[in-house]
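We'll start with the ligand and then look at some residues elsewhere in the chain.

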Amino acid sequence: MVGGRLEGILGAPWLFVHRRWYLPAVSRVRVAVLVSGHGSNLQALLDACAASDCEAEIALVLSNRGDAGALERARTARVPALVIDRDGQDAAGLLALLTRHGIQLVVLAGYLKKVPDAVVAAFRDRMLNIHPALLPAFGGPGMYGRRVHEAVLASGARLSGATVHLVDEQYDHGRIVAQWPVPVHPGDTAETLAARVLAVEHQLLPAAVRACCRQVLAGSSPSGLYVAGERFVPSVQPSQPLDHALIPE
Ligand code: GRF
């Protein structure tokens with residue numbers, strides 16, 4: 001009504017402007033992404049959220065490192081990108097930023113610091129992390145980056161993968177949302193395995209975030225989505241689309 005009245009008063013040029021302003025926008029969940037490094041998973045999220053039907057909007061990127069490549073990716077995408085304290089332990093400051101930006105869901109995408117308990121509690125069941133192995137194996141304190149893949153290779157495991165899980169007060173411990181298996185090949189190095197897992201992460205994380213956002217938009221608790229550690233479909237190969245995979249609707 002307001003737009004229609006203004007259109008009558010101001011004429012056709014306003015029509016274009018007001019339609020853009022007043023047409024009901026697709027509802028999106030405001031997501032903050034916490035990063036420490038290169039940000040290829042952030043890029044996968046930004047790319048997924050460029051689609052008009054995406055349920056998530058990357059509304060804020062926070063890094064504990066000022067030199068993180070992820071910050072540049074965020075700025076290129078015109079997303080507010082801020083540097084927080086290097087240890088990431090300023091809970092009040094972090095909460096203030098998340099609140100100020102109206103954040104509804106937090107995603108840790110290559111974020112190397114422990115999130116303070118008060119922030120975890122404020123975003124209980126609304127904070128996701130991606131880990132480059134099949135949790136609960138090869139997770140926990142000190143298990144990040146290259147070390148994860150070295151441990152997988154040293155164990156002789158034939159299968160690794162990627163896991164998206166809820167964040168709780170312990171490293172790599174919260175309930176598992178989604179997993180995707182990746183074969184370990186003879187002769188793999190930490191680098192070749194990491195690259196194979198990372199390619200899967202770039203599919204799995206956006207799919208898991210979107211599934212979670214759908215639950216948020218539906219007004220149901222995302223915690224209702226998850227089955228503790230049991231969502232695992234080893235027969236599905238990583239090259240196949242994720243539509244029929246292990247992310248619950
Ligand atoms: C990914 O392998 C992620 O699982 C781990 O750190 C890596 C981050 O890579 N937590 P990027 O910064 O997203 O490129």
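This is a predicted model: local features need pLDDT of at least 70, side-chain atom pairs count only at pLDDT 80 or more; totals for chains, interfaces and linings use all residues.

What follows is a walk through the ligand site, one histidine, some backbone geometry and two further loop residues.

Residues are numbered from 1 along each chain as its sequence is written, and side-chain values use heavy atoms, with hydrogens and water left out.

Where does the ligand sit? The space taken by the ligand is the largest pocket. A pocket here is found on a 1 Å grid over the protein atoms alone, as an open set of points with protein on both sides within 12 Å along at least five of seven lines, and a molecule sits in it if more than half of its atoms lie within 2 Å of its grid points. Helices (H or I, at least four residues) and strands (E, at least two) are DSSP runs, numbered from the N terminus.

Around the ligand you'll find His38, Gly39, Ser40, Asn41, Gly110, Ile130, His131, Pro132, Leu198 and Glu201, where being near takes a heavy atom within 4 Å. The shell divides into three nonpolar residues, six polar and one charged. In that count Ala, Val, Leu, Ile, Met, Phe, Trp, Tyr, Cys and Pro are nonpolar, Asp, Glu, Lys and Arg are charged, and the others, Gly among them, are polar.

Now zoom in on the backbone. A backbone N or O atom of Gly39 lies 2.8 Å from an oxygen atom of the ligand, and a polar backbone atom of Asn41 is 2.9 Å from a ligand oxygen. On the nitrogen side, a polar backbone atom of Ile130 is 3.3 Å from a nitrogen atom of the ligand. The protein covers 82% of the 360 Å² of accessible area that the ligand has on its own (Shrake-Rupley method, 1.4 Å probe).

His131, one of the shell residues, is in strand β5. Is His131 buried or exposed? His131 counts as buried because its relative accessibility is 2% (buried means under 20%, exposed over 50%, partly exposed in between, with a 1.4 Å probe and protein chains only). The side chain of His131 reaches the backbone oxygen of Phe138 at 2.7 Å.

Phe138 lies in the loop between β5 and α7. Most residues other than glycine have a negative phi, and most peptide bonds are trans. Phe138, though, has a positive phi of about 60°, and at 22% relative accessibility it is partly exposed. Pro136 is in the loop between β5 and α7 (146–155) too, and the peptide bond from Leu135 to Pro136 is cis, with omega near 10°. Asp172 also has a positive phi, near 55°; this residue lies in the loop between β6 (159–166) and β7 (176–183) and counts as buried at 15%.

Last, look at Asn64, in the loop between β2 (56–63) and α4 (69–76). Asn64 is buried, at 4% relative accessibility. Its side chain makes a polar contact with the side chain of Ser36 at 2.7 Å (a pair of N or O atoms within 3.5 Å; within protein, one must be able to donate a hydrogen and the other to accept it, and residues adjacent in sequence count only if both atoms are side-chain atoms). The Asn64 side chain also reaches the backbone oxygen of Arg86 at 3.0 Å.

Terms used:
On a 1 Å grid over the protein atoms alone, a cavity is a set of points where a 1.4 Å probe fits but cannot get out, and a pocket is an open set with protein on both sides within 12 Å along at least five of seven lines; lining residues have an atom within 4 Å of a point.
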